[in-house]
Amino acid sequence: MTFKAWIKTITLYDLLVGMKTTMSHMLHYKPITLQYPHEKRILPDNYRGMLALLRYEDGVEKCVGCDLCEAACPSRVIRVVSAEVPDEPTKRYAKEYYMDMTRCLFCGLCVDACPVDALGMTREFEWSVYDKRQLHLNKEQLLAIGDRSFPVREKQLELQHPNVAFFNVAFKHLPQKPG
Amino acid sequence: MTEISLRLAVSFAQILAEMSIVMVTVATMTYFERKILGWMQDRMGPMEVGPYGLLQPVADGIKLFFKEDIIPAGANRAMFKLAPVLTMVIAMIGFAVIPFGPDVSMTMFGMTIKPFVVADINIGVLYILAIASIGAYGIILGGWASNSKYSLLGGLRSAAQVISYELNVGLAIVGVLLLAGTLSLVQITEAQAGGFWHWFIWGGRPDGFFPIHTQIFAFVVFVISAVAETNRIPFDLPEAESELVAGFFTEYSGMRFAFYVTAEYANMLLVSCVAASLFLGGWNAPYPGTILEYIGLEQLAWIEHIAWFTVKVYFFLFLFIWLRATLPRLRYDQLMRFGWKVMLPIALGNIVITALTLYFFPR
(Lines give C-alpha, C1' and ligand atoms only; values in the text may rest on other atoms or scores of the structure.)
Protein backbone atom coordinates (compact mmCIF):
# COMPACT_ATOMS: atom_id res chain seq x y z
CA MET A 1 0.00 0.00 0.00
CA THR A 2 1.42 3.30 -1.06
CA PHE A 3 1.44 6.29 1.26
CA LYS A 4 -1.26 7.99 -0.80
CA ALA A 5 -3.54 4.97 -0.60
CA TRP A 6 -2.92 4.75 3.11
CA ILE A 7 -3.91 8.38 3.63
CA LYS A 8 -7.05 7.76 1.57
CA THR A 9 -7.91 4.78 3.76
CA ILE A 10 -7.54 6.46 7.12
CA THR A 11 -9.41 9.59 6.06
CA LEU A 12 -12.30 7.46 4.72
CA TYR A 13 -11.81 9.16 1.35
CA ASP A 14 -13.83 6.73 -0.77
CA LEU A 15 -16.69 6.88 1.67
CA LEU A 16 -16.72 10.67 1.59
CA VAL A 17 -16.77 10.69 -2.21
CA GLY A 18 -19.88 8.52 -2.17
CA MET A 19 -21.54 10.69 0.45
CA LYS A 20 -20.75 13.77 -1.60
CA THR A 21 -22.56 12.20 -4.55
CA THR A 22 -25.74 11.49 -2.59
CA MET A 23 -25.63 14.94 -1.02
CA SER A 24 -25.30 16.63 -4.40
CA HIS A 25 -28.29 14.65 -5.64
CA MET A 26 -30.27 15.91 -2.68
CA LEU A 27 -29.21 19.52 -3.14
CA HIS A 28 -29.88 19.45 -6.89
CA TYR A 29 -33.19 17.75 -6.33
CA LYS A 30 -34.71 16.81 -9.66
CA PRO A 31 -37.03 13.83 -9.22
CA ILE A 32 -37.73 11.56 -12.17
CA THR A 33 -40.92 10.33 -10.54
CA LEU A 34 -44.26 11.10 -12.14
CA GLN A 35 -47.14 11.14 -9.66
CA TYR A 36 -49.02 8.80 -11.98
CA PRO A 37 -52.74 9.26 -11.37
CA HIS A 38 -52.27 13.02 -11.03
CA GLU A 39 -49.84 13.54 -13.89
CA LYS A 40 -49.29 11.36 -16.93
CA ARG A 41 -46.29 11.01 -19.15
CA ILE A 42 -46.38 12.07 -22.77
CA LEU A 43 -46.38 8.94 -24.90
CA PRO A 44 -44.05 8.45 -27.88
CA ASP A 45 -45.42 8.92 -31.41
CA ASN A 46 -45.50 5.25 -32.29
CA TYR A 47 -46.94 4.08 -29.00
CA ARG A 48 -48.81 0.78 -29.38
CA GLY A 49 -51.78 0.78 -27.05
CA MET A 50 -55.26 -0.69 -27.11
CA LEU A 51 -56.43 -2.11 -30.42
CA ALA A 52 -59.44 -0.62 -32.17
CA LEU A 53 -61.55 -1.12 -35.30
CA LEU A 54 -61.82 1.91 -37.56
CA ARG A 55 -64.50 3.37 -39.82
CA TYR A 56 -64.46 5.29 -43.08
CA GLU A 57 -65.26 8.99 -43.13
CA ASP A 58 -68.92 8.21 -43.84
CA GLY A 59 -69.14 5.91 -40.84
CA VAL A 60 -68.96 2.54 -42.67
CA GLU A 61 -66.75 -0.09 -41.05
CA LYS A 62 -63.51 -0.62 -42.90
CA CYS A 63 -63.20 -4.29 -42.02
CA VAL A 64 -63.91 -6.65 -44.90
CA GLY A 65 -63.66 -9.83 -42.83
CA CYS A 66 -60.62 -11.23 -44.68
CA ASP A 67 -59.22 -13.07 -41.59
CA LEU A 68 -55.65 -11.93 -42.31
CA CYS A 69 -55.37 -10.38 -38.84
CA GLU A 70 -56.44 -13.65 -37.29
CA ALA A 71 -53.77 -15.43 -39.28
CA ALA A 72 -51.09 -12.89 -38.40
CA CYS A 73 -51.78 -12.86 -34.69
CA PRO A 74 -49.11 -14.86 -32.80
CA SER A 75 -51.19 -15.19 -29.64
CA ARG A 76 -54.53 -16.05 -31.22
CA VAL A 77 -56.24 -13.00 -29.86
CA ILE A 78 -58.55 -12.36 -32.77
CA ARG A 79 -61.49 -14.37 -34.04
CA VAL A 80 -63.33 -13.17 -37.12
CA VAL A 81 -66.62 -14.53 -38.49
CA SER A 82 -66.96 -13.29 -42.04
CA ALA A 83 -70.22 -12.87 -43.95
CA GLU A 84 -71.60 -11.39 -47.16
CA VAL A 85 -73.01 -7.93 -47.02
CA PRO A 86 -76.80 -8.34 -47.39
CA ASP A 87 -77.98 -7.44 -50.91
CA GLU A 88 -74.39 -6.99 -52.11
CA PRO A 89 -73.00 -10.46 -52.90
CA THR A 90 -69.58 -9.15 -53.96
CA LYS A 91 -68.80 -7.44 -50.68
CA ARG A 92 -67.98 -9.09 -47.39
CA TYR A 93 -67.76 -7.80 -43.83
CA ALA A 94 -66.99 -9.07 -40.37
CA LYS A 95 -70.23 -10.32 -38.94
CA GLU A 96 -68.60 -11.00 -35.63
CA TYR A 97 -65.19 -9.84 -34.47
CA TYR A 98 -63.79 -10.86 -31.08
CA MET A 99 -60.57 -9.90 -29.34
CA ASP A 100 -59.33 -11.60 -26.19
CA MET A 101 -57.16 -8.77 -24.88
CA THR A 102 -55.92 -10.88 -21.92
CA ARG A 103 -53.60 -12.59 -24.38
CA CYS A 104 -52.62 -9.65 -26.58
CA LEU A 105 -48.95 -8.70 -26.51
CA PHE A 106 -49.38 -5.48 -28.51
CA CYS A 107 -46.98 -6.48 -31.27
CA GLY A 108 -48.99 -4.68 -33.95
CA LEU A 109 -48.74 -7.54 -36.49
CA CYS A 110 -52.49 -7.51 -37.04
CA VAL A 111 -52.38 -3.81 -37.88
CA ASP A 112 -49.57 -4.48 -40.37
CA ALA A 113 -51.44 -7.37 -41.88
CA CYS A 114 -54.72 -5.57 -42.50
CA PRO A 115 -55.03 -4.77 -46.24
CA VAL A 116 -57.67 -2.07 -45.72
CA ASP A 117 -56.25 -0.45 -42.60
CA ALA A 118 -59.29 -1.35 -40.59
CA LEU A 119 -57.27 -1.89 -37.41
CA GLY A 120 -55.47 0.76 -35.43
CA MET A 121 -53.54 0.98 -32.23
CA THR A 122 -54.76 3.70 -29.94
CA ARG A 123 -52.91 5.37 -27.08
CA GLU A 124 -55.16 3.92 -24.41
CA PHE A 125 -53.35 1.90 -21.80
CA GLU A 126 -55.46 2.22 -18.63
CA TRP A 127 -57.34 -1.00 -19.18
CA SER A 128 -56.98 -2.70 -15.82
CA VAL A 129 -60.24 -4.34 -14.78
CA TYR A 130 -61.45 -6.35 -11.82
CA ASP A 131 -63.16 -8.98 -13.98
CA LYS A 132 -61.06 -10.66 -16.65
CA ARG A 133 -64.14 -11.22 -18.82
CA GLN A 134 -64.35 -7.48 -19.42
CA LEU A 135 -61.27 -7.84 -21.61
CA HIS A 136 -63.07 -10.08 -24.12
CA LEU A 137 -64.19 -7.43 -26.56
CA ASN A 138 -66.71 -7.77 -29.36
CA LYS A 139 -67.05 -5.75 -32.55
CA GLU A 140 -69.19 -2.99 -31.11
CA GLN A 141 -66.78 -2.35 -28.25
CA LEU A 142 -63.78 -2.28 -30.59
CA LEU A 143 -65.56 0.15 -32.91
CA ALA A 144 -66.43 2.33 -29.92
CA ILE A 145 -62.77 2.44 -28.90
CA GLY A 146 -61.86 3.45 -32.44
CA ASP A 147 -64.53 6.13 -32.50
CA ARG A 148 -63.40 7.74 -29.28
CA SER A 149 -59.69 7.44 -30.04
CA PHE A 150 -59.80 8.70 -33.62
CA PRO A 151 -62.64 11.21 -33.76
CA VAL A 152 -61.09 12.98 -36.76
CA ARG A 153 -61.31 10.63 -39.73
CA GLU A 154 -60.05 12.67 -42.65
CA LYS A 155 -56.53 11.91 -43.85
CA GLN A 156 -53.82 14.10 -42.38
CA LEU A 157 -50.79 13.33 -44.50
CA GLU A 158 -48.54 15.74 -42.62
CA LEU A 159 -48.99 13.63 -39.51
CA GLN A 160 -47.97 10.38 -41.14
CA HIS A 161 -44.85 8.85 -39.78
CA PRO A 162 -42.98 5.92 -41.32
CA ASN A 163 -42.96 4.12 -37.97
CA VAL A 164 -46.67 4.48 -37.38
CA ALA A 165 -48.30 1.28 -38.47
CA PHE A 166 -51.50 2.91 -39.63
CA PHE A 167 -52.48 5.98 -41.51
CA ASN A 168 -55.54 8.17 -41.17
CA VAL A 169 -54.67 9.01 -37.61
CA ALA A 170 -54.96 12.36 -35.93
CA PHE A 171 -52.97 13.13 -32.84
CA LYS A 172 -54.17 16.70 -32.46
CA HIS A 173 -56.46 15.99 -29.51
CA LEU A 174 -53.71 14.25 -27.54
CA PRO A 175 -50.92 15.91 -25.54
CA GLN A 176 -47.96 16.55 -27.81
CA LYS A 177 -44.28 16.49 -27.07
CA PRO A 178 -42.97 20.01 -26.67
CA GLY A 179 -40.91 21.29 -29.59
CA MET B 1 -50.77 13.48 49.39
CA THR B 2 -47.65 12.06 50.95
CA GLU B 3 -44.20 13.10 49.83
CA ILE B 4 -43.34 9.80 48.19
CA SER B 5 -46.45 9.80 46.04
CA LEU B 6 -45.76 13.42 45.09
CA ARG B 7 -42.27 12.45 44.00
CA LEU B 8 -43.66 9.56 42.00
CA ALA B 9 -46.18 11.85 40.35
CA VAL B 10 -43.48 14.33 39.34
CA SER B 11 -41.27 11.52 38.03
CA PHE B 12 -44.13 10.06 36.03
CA ALA B 13 -44.86 13.46 34.54
CA GLN B 14 -41.21 13.80 33.53
CA ILE B 15 -41.12 10.29 32.08
CA LEU B 16 -44.33 10.94 30.18
CA ALA B 17 -42.95 14.16 28.73
CA GLU B 18 -39.69 12.50 27.71
CA MET B 19 -41.47 9.47 26.25
CA SER B 20 -43.74 11.68 24.17
CA ILE B 21 -40.77 13.68 22.88
CA VAL B 22 -39.03 10.44 21.88
CA MET B 23 -42.14 9.00 20.23
CA VAL B 24 -42.82 12.19 18.29
CA THR B 25 -39.20 12.28 17.16
CA VAL B 26 -39.42 8.65 16.07
CA ALA B 27 -42.56 9.42 14.04
CA THR B 28 -40.94 12.39 12.34
CA MET B 29 -37.81 10.31 11.76
CA THR B 30 -39.74 7.65 9.85
CA TYR B 31 -41.13 10.40 7.63
CA PHE B 32 -37.88 12.28 7.09
CA GLU B 33 -35.92 9.09 6.52
CA ARG B 34 -38.17 8.17 3.62
CA LYS B 35 -38.21 11.74 2.33
CA ILE B 36 -34.46 12.31 2.46
CA LEU B 37 -33.75 8.84 1.11
CA GLY B 38 -36.07 9.67 -1.77
CA TRP B 39 -34.45 13.03 -2.44
CA MET B 40 -30.99 11.49 -2.46
CA GLN B 41 -32.12 8.83 -4.93
CA ASP B 42 -33.97 11.28 -7.25
CA ARG B 43 -37.35 10.13 -5.98
CA MET B 44 -40.01 12.01 -4.08
CA GLY B 45 -40.72 9.87 -1.04
CA PRO B 46 -44.23 9.72 0.41
CA MET B 47 -46.48 12.25 -1.36
CA GLU B 48 -50.02 10.93 -1.15
CA VAL B 49 -51.17 11.12 2.49
CA GLY B 50 -51.63 14.75 3.38
CA PRO B 51 -49.69 17.64 1.86
CA TYR B 52 -46.27 16.32 0.80
CA GLY B 53 -47.09 13.07 2.59
CA LEU B 54 -46.86 14.71 6.01
CA LEU B 55 -49.49 12.43 7.52
CA GLN B 56 -47.66 9.27 6.41
CA PRO B 57 -46.43 8.35 9.94
CA VAL B 58 -50.03 8.64 11.23
CA ALA B 59 -51.30 6.46 8.40
CA ASP B 60 -48.54 3.90 9.04
CA GLY B 61 -49.35 3.86 12.74
CA ILE B 62 -53.06 3.34 12.17
CA LYS B 63 -52.40 0.63 9.60
CA LEU B 64 -50.03 -1.29 11.84
CA PHE B 65 -52.37 -0.90 14.81
CA PHE B 66 -55.26 -2.52 12.98
CA LYS B 67 -53.27 -5.28 11.32
CA GLU B 68 -53.74 -8.89 12.25
CA ASP B 69 -51.38 -10.15 14.91
CA ILE B 70 -49.99 -13.42 13.58
CA ILE B 71 -48.05 -15.82 15.78
CA PRO B 72 -46.43 -18.69 13.82
CA ALA B 73 -47.62 -22.20 14.72
CA GLY B 74 -44.20 -23.43 15.83
CA ALA B 75 -43.26 -20.33 17.78
CA ASN B 76 -42.51 -20.19 21.46
CA ARG B 77 -45.49 -18.02 22.31
CA ALA B 78 -44.27 -16.50 25.57
CA MET B 79 -40.86 -15.59 24.19
CA PHE B 80 -42.37 -14.43 20.92
CA LYS B 81 -44.58 -11.98 22.79
CA LEU B 82 -41.87 -10.93 25.22
CA ALA B 83 -39.15 -10.08 22.67
CA PRO B 84 -40.59 -6.95 21.02
CA VAL B 85 -41.72 -5.56 24.37
CA LEU B 86 -38.23 -6.10 25.76
CA THR B 87 -36.62 -4.38 22.78
CA MET B 88 -39.00 -1.44 23.00
CA VAL B 89 -38.67 -0.97 26.76
CA ILE B 90 -34.89 -1.16 26.63
CA ALA B 91 -34.76 1.37 23.82
CA MET B 92 -36.99 3.74 25.78
CA ILE B 93 -35.46 3.64 29.26
CA GLY B 94 -32.03 4.55 27.96
CA PHE B 95 -33.22 8.14 27.60
CA ALA B 96 -33.55 8.50 31.38
CA VAL B 97 -29.99 9.76 31.83
CA ILE B 98 -29.73 11.94 28.71
CA PRO B 99 -29.52 15.65 29.63
CA PHE B 100 -31.65 17.48 27.07
CA GLY B 101 -30.98 20.88 28.57
CA PRO B 102 -28.81 22.71 31.09
CA ASP B 103 -28.30 21.39 34.60
CA VAL B 104 -30.70 23.74 36.35
CA SER B 105 -32.75 22.83 39.38
CA MET B 106 -36.13 24.20 40.31
CA THR B 107 -38.07 23.82 43.51
CA MET B 108 -41.61 22.61 43.20
CA PHE B 109 -43.87 21.27 45.99
CA GLY B 110 -40.92 21.59 48.35
CA MET B 111 -38.54 19.34 46.44
CA THR B 112 -35.75 19.85 43.95
CA ILE B 113 -36.53 18.89 40.37
CA LYS B 114 -34.16 18.82 37.42
CA PRO B 115 -36.49 19.52 34.51
CA PHE B 116 -34.19 18.51 31.63
CA VAL B 117 -32.94 15.14 32.83
CA VAL B 118 -35.14 12.41 34.25
CA ALA B 119 -32.47 10.74 36.39
CA ASP B 120 -29.13 12.44 36.92
CA ILE B 121 -27.33 9.34 38.20
CA ASN B 122 -23.56 9.36 38.64
CA ILE B 123 -23.00 6.28 36.44
CA GLY B 124 -24.94 7.52 33.42
CA VAL B 125 -22.55 6.24 30.74
CA LEU B 126 -22.32 2.84 32.38
CA TYR B 127 -26.12 2.71 32.60
CA ILE B 128 -26.44 3.39 28.86
CA LEU B 129 -23.85 0.74 27.98
CA ALA B 130 -25.63 -1.80 30.17
CA ILE B 131 -29.05 -0.96 28.73
CA ALA B 132 -27.76 -1.15 25.15
CA SER B 133 -26.33 -4.60 25.85
CA ILE B 134 -29.67 -5.88 27.14
CA GLY B 135 -31.24 -4.59 23.93
CA ALA B 136 -29.50 -7.40 22.04
CA TYR B 137 -31.58 -9.90 24.01
CA GLY B 138 -34.79 -8.63 22.47
CA ILE B 139 -33.40 -9.24 19.00
CA ILE B 140 -31.91 -12.66 19.80
CA LEU B 141 -35.04 -13.84 21.61
CA GLY B 142 -37.26 -12.63 18.79
CA GLY B 143 -35.10 -14.42 16.24
CA TRP B 144 -35.07 -17.64 18.21
CA ALA B 145 -38.72 -17.69 19.31
CA SER B 146 -40.06 -17.25 15.77
CA ASN B 147 -39.01 -20.81 14.86
CA SER B 148 -37.92 -19.69 11.40
CA LYS B 149 -34.53 -20.10 9.81
CA TYR B 150 -34.36 -16.52 8.58
CA SER B 151 -35.23 -15.15 11.99
CA LEU B 152 -32.73 -17.39 13.70
CA LEU B 153 -29.93 -16.39 11.32
CA GLY B 154 -30.81 -12.74 11.81
CA GLY B 155 -30.78 -13.12 15.56
CA LEU B 156 -27.42 -14.93 15.53
CA ARG B 157 -25.85 -12.32 13.29
CA SER B 158 -27.20 -9.62 15.54
CA ALA B 159 -25.71 -11.28 18.61
CA ALA B 160 -22.25 -11.49 17.06
CA GLN B 161 -22.43 -7.98 15.66
CA VAL B 162 -23.74 -6.24 18.76
CA ILE B 163 -21.18 -7.93 20.99
CA SER B 164 -18.30 -7.04 18.65
CA TYR B 165 -19.24 -3.41 18.30
CA GLU B 166 -20.41 -2.93 21.89
CA LEU B 167 -16.77 -3.40 22.84
CA ASN B 168 -15.65 -0.63 20.50
CA VAL B 169 -18.33 1.74 21.77
CA GLY B 170 -17.20 1.10 25.36
CA LEU B 171 -13.54 1.60 24.53
CA ALA B 172 -14.19 4.73 22.46
CA ILE B 173 -15.99 6.29 25.42
CA VAL B 174 -13.08 5.63 27.79
CA GLY B 175 -11.08 8.54 26.32
CA VAL B 176 -13.92 10.92 27.07
CA LEU B 177 -14.24 9.53 30.58
CA LEU B 178 -10.52 10.13 31.14
CA LEU B 179 -10.92 13.75 30.07
CA ALA B 180 -14.07 14.42 32.08
CA GLY B 181 -13.19 12.36 35.13
CA THR B 182 -16.81 11.37 35.69
CA LEU B 183 -19.44 8.93 34.44
CA SER B 184 -22.40 11.28 34.78
CA LEU B 185 -23.60 12.56 31.42
CA VAL B 186 -24.61 15.87 32.97
CA GLN B 187 -21.12 16.49 34.33
CA ILE B 188 -19.45 15.27 31.12
CA THR B 189 -21.50 17.82 29.19
CA GLU B 190 -20.69 20.56 31.68
CA ALA B 191 -16.98 19.81 31.33
CA GLN B 192 -17.25 20.76 27.63
CA ALA B 193 -18.67 24.25 28.28
CA GLY B 194 -16.88 27.26 26.83
CA GLY B 195 -17.19 27.00 23.09
CA PHE B 196 -16.39 24.97 20.02
CA TRP B 197 -12.79 23.99 20.80
CA HIS B 198 -13.73 22.76 24.27
CA TRP B 199 -15.92 19.97 22.95
CA PHE B 200 -14.31 16.60 23.56
CA ILE B 201 -14.07 15.89 19.84
CA TRP B 202 -11.32 18.59 19.81
CA GLY B 203 -10.47 18.42 23.50
CA GLY B 204 -9.13 21.94 23.95
CA ARG B 205 -8.06 22.69 27.50
CA PRO B 206 -9.94 25.34 29.51
CA ASP B 207 -6.86 27.62 29.28
CA GLY B 208 -7.00 27.56 25.48
CA PHE B 209 -4.00 25.27 25.02
CA PHE B 210 -3.39 23.48 21.72
CA PRO B 211 -6.08 20.72 21.49
CA ILE B 212 -3.74 17.87 22.24
CA HIS B 213 -6.46 15.85 23.98
CA THR B 214 -8.46 15.48 20.80
CA GLN B 215 -10.92 12.57 20.75
CA ILE B 216 -11.63 12.68 17.03
CA PHE B 217 -10.49 9.09 16.50
CA ALA B 218 -12.68 7.96 19.35
CA PHE B 219 -15.51 9.98 17.82
CA VAL B 220 -15.17 8.26 14.43
CA VAL B 221 -14.96 4.85 16.10
CA PHE B 222 -17.98 5.67 18.24
CA VAL B 223 -20.11 6.81 15.31
CA ILE B 224 -19.23 3.82 13.13
CA SER B 225 -19.81 1.40 16.00
CA ALA B 226 -23.06 3.15 16.85
CA VAL B 227 -24.30 2.60 13.31
CA ALA B 228 -23.36 -1.07 13.67
CA GLU B 229 -25.02 -1.36 17.06
CA THR B 230 -28.32 0.04 15.86
CA ASN B 231 -28.31 -2.45 12.96
CA ARG B 232 -28.42 0.27 10.34
CA ILE B 233 -27.10 0.21 6.80
CA PRO B 234 -24.24 -0.50 6.01
CA PHE B 235 -24.21 -2.82 9.03
CA ASP B 236 -27.78 -4.10 8.72
CA LEU B 237 -26.84 -7.77 8.46
CA PRO B 238 -29.40 -8.86 11.10
CA GLU B 239 -32.24 -7.65 8.89
CA ALA B 240 -30.61 -7.98 5.48
CA GLU B 241 -33.62 -7.74 3.16
CA SER B 242 -31.99 -9.41 0.18
CA GLU B 243 -30.76 -12.40 2.15
CA LEU B 244 -32.95 -12.91 5.20
CA VAL B 245 -36.36 -11.46 4.18
CA ALA B 246 -36.44 -9.16 7.21
CA GLY B 247 -34.02 -10.90 9.55
CA PHE B 248 -35.01 -11.33 13.14
CA PHE B 249 -38.50 -9.82 12.72
CA THR B 250 -39.50 -11.79 9.63
CA GLU B 251 -42.38 -13.48 11.45
CA TYR B 252 -43.64 -10.41 13.26
CA SER B 253 -46.65 -8.44 12.12
CA GLY B 254 -48.92 -5.67 13.29
CA MET B 255 -48.09 -3.92 16.53
CA ARG B 256 -45.19 -6.23 17.41
CA PHE B 257 -43.52 -5.31 14.13
CA ALA B 258 -44.18 -1.65 14.93
CA PHE B 259 -42.49 -2.16 18.30
CA TYR B 260 -39.34 -3.44 16.62
CA VAL B 261 -39.27 -0.59 14.13
CA THR B 262 -39.94 1.99 16.83
CA ALA B 263 -37.20 0.48 18.94
CA GLU B 264 -34.77 0.70 16.04
CA TYR B 265 -35.47 4.39 15.57
CA ALA B 266 -35.42 5.04 19.31
CA ASN B 267 -32.01 3.35 19.47
CA MET B 268 -30.79 5.62 16.67
CA LEU B 269 -32.03 8.59 18.64
CA LEU B 270 -30.38 7.29 21.81
CA VAL B 271 -26.93 6.82 20.27
CA SER B 272 -27.29 10.23 18.60
CA CYS B 273 -28.04 11.80 21.99
CA VAL B 274 -25.09 9.97 23.57
CA ALA B 275 -22.71 11.00 20.77
CA ALA B 276 -23.89 14.61 21.01
CA SER B 277 -23.47 14.63 24.79
CA LEU B 278 -20.09 12.90 24.87
CA PHE B 279 -18.29 14.39 21.88
CA LEU B 280 -20.13 17.48 20.63
CA GLY B 281 -20.72 19.24 23.91
CA GLY B 282 -24.36 18.29 24.46
CA TRP B 283 -26.40 21.39 25.15
CA ASN B 284 -23.40 23.73 25.00
CA ALA B 285 -23.38 26.28 22.20
CA PRO B 286 -20.26 26.47 19.96
CA TYR B 287 -19.52 29.86 21.54
CA PRO B 288 -19.04 30.63 25.24
CA GLY B 289 -22.29 31.17 27.10
CA THR B 290 -25.51 31.88 25.24
CA ILE B 291 -26.82 34.80 23.21
CA LEU B 292 -29.95 35.04 25.33
CA GLU B 293 -27.74 35.54 28.39
CA TYR B 294 -25.86 38.40 26.75
CA ILE B 295 -29.04 40.27 25.92
CA GLY B 296 -30.25 39.85 29.48
CA LEU B 297 -32.65 36.93 29.32
CA GLU B 298 -30.97 34.50 31.72
CA GLN B 299 -34.29 32.82 32.47
CA LEU B 300 -34.71 31.81 28.83
CA ALA B 301 -31.15 30.57 28.21
CA TRP B 302 -32.39 26.99 28.45
CA ILE B 303 -34.25 27.45 25.15
CA GLU B 304 -30.98 28.13 23.34
CA HIS B 305 -29.30 25.21 25.09
CA ILE B 306 -32.07 22.82 24.07
CA ALA B 307 -31.99 24.19 20.53
CA TRP B 308 -28.28 23.43 20.24
CA PHE B 309 -28.79 19.93 21.62
CA THR B 310 -31.57 19.34 19.10
CA VAL B 311 -29.39 20.59 16.24
CA LYS B 312 -26.59 18.22 17.20
CA VAL B 313 -28.88 15.22 17.60
CA TYR B 314 -30.56 15.89 14.27
CA PHE B 315 -27.15 16.17 12.64
CA PHE B 316 -26.42 12.62 13.72
CA LEU B 317 -29.84 11.41 12.67
CA PHE B 318 -29.27 12.96 9.25
CA LEU B 319 -25.88 11.25 9.11
CA PHE B 320 -27.58 7.90 9.70
CA ILE B 321 -29.95 8.51 6.79
CA TRP B 322 -27.15 9.86 4.63
CA LEU B 323 -25.08 6.72 5.21
CA ARG B 324 -28.10 4.58 4.41
CA ALA B 325 -28.61 6.37 1.12
CA THR B 326 -24.94 6.01 0.17
CA LEU B 327 -23.46 2.71 1.25
CA PRO B 328 -24.11 -0.93 0.34
CA ARG B 329 -24.19 -3.64 2.97
CA LEU B 330 -20.96 -5.16 4.24
CA ARG B 331 -20.28 -8.86 3.97
CA TYR B 332 -20.26 -10.74 7.26
CA ASP B 333 -16.50 -11.44 7.33
CA GLN B 334 -15.80 -7.82 6.36
CA LEU B 335 -17.95 -6.69 9.26
CA MET B 336 -16.12 -8.86 11.75
CA ARG B 337 -12.66 -8.02 10.40
CA PHE B 338 -13.47 -4.31 10.45
CA GLY B 339 -14.75 -4.49 14.00
CA TRP B 340 -11.95 -6.53 15.53
CA LYS B 341 -8.92 -5.65 13.43
CA VAL B 342 -9.51 -1.97 12.64
CA MET B 343 -11.90 -0.42 15.14
CA LEU B 344 -10.60 -2.20 18.25
CA PRO B 345 -6.89 -1.27 17.78
CA ILE B 346 -7.83 2.35 17.06
CA ALA B 347 -9.99 2.53 20.18
CA LEU B 348 -7.27 0.92 22.31
CA GLY B 349 -4.58 3.18 20.89
CA ASN B 350 -6.79 6.17 21.58
CA ILE B 351 -7.03 5.19 25.24
CA VAL B 352 -3.23 4.85 25.56
CA ILE B 353 -2.52 8.16 23.80
CA THR B 354 -5.20 10.04 25.72
CA ALA B 355 -3.89 8.69 29.01
CA LEU B 356 -0.30 9.66 28.12
CA THR B 357 -1.20 13.16 26.96
CA LEU B 358 -3.32 13.65 30.06
CA TYR B 359 -0.41 12.54 32.26
CA PHE B 360 2.07 14.94 30.65
CA PHE B 361 -0.35 17.81 29.95
CA PRO B 362 -3.02 17.62 32.66
CA ARG B 363 -6.17 19.61 32.14
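Analyst: Happy to! Please keep in mind that this is a predicted model. Let's begin in a loop of chain A, between strand S3 (88–100) and helix H4 (109–113), where Phe106(A) is found. Most residues other than glycine have a negative phi.

Asp117(A) sits in the loop between H4 and strand S4 (119–121) of chain A. Asp117(A) also has a positive phi, about 50°, and is not a glycine. With 15 C-beta neighbours inside 10 Å, Asp117(A) is partly exposed.

Now for the core you asked about. The largest nonpolar core has 90 residues. Among those with the most contacts inside this core are Val176(B), Phe222(B) and Phe279(B). Helix H9 (residues 254–278) of chain B gives the most to this core, with 14 residues. Let's zoom in on Phe279(B): beyond its neighbours within four places in sequence, its contacts include Val176(B), Trp199(B), Phe219(B) and Phe222(B). A second, separate core has 23 residues, including Ala52(A), Ala118(A), Leu119(A) and Met121(A).

Finally, the two chains touch. Eleven residues from chain A and eleven residues from chain B make up the contact. On the chain B side, helix H1 (3–40) and helix H11 (301–326) each supply at least two residues. That side of chain B has eight nonpolar, one polar and two charged residues.

Definitions and conventions: Residues are numbered from 1 along each chain as its sequence is written. Chains are lettered from A and ligands numbered from 1 in the order in which they are written. This is a predicted model: local features need pLDDT of at least 70, side-chain atom pairs count only at pLDDT 80 or more; totals for chains, interfaces and linings use all residues. Two residues are in contact if their C-beta atoms, placed from the backbone, lie within 7 Å. Helices (H or I, at least four residues) and strands (E, at least two) are DSSP runs, numbered from the N terminus. Ala, Val, Leu, Ile, Met, Phe, Trp, Tyr, Cys and Pro count as nonpolar, Asp, Glu, Lys and Arg as charged, and the others, Gly among them, as polar. A residue is buried if 20 or more other C-beta atoms lie within 10 Å of its own, exposed if 12 or fewer, and partly exposed in between; C-beta atoms are placed from the backbone. A nonpolar core is a set of buried Ala, Val, Leu, Ile, Met, Phe, Trp, Tyr and Cys residues joined through C-beta atoms within 7 Å.
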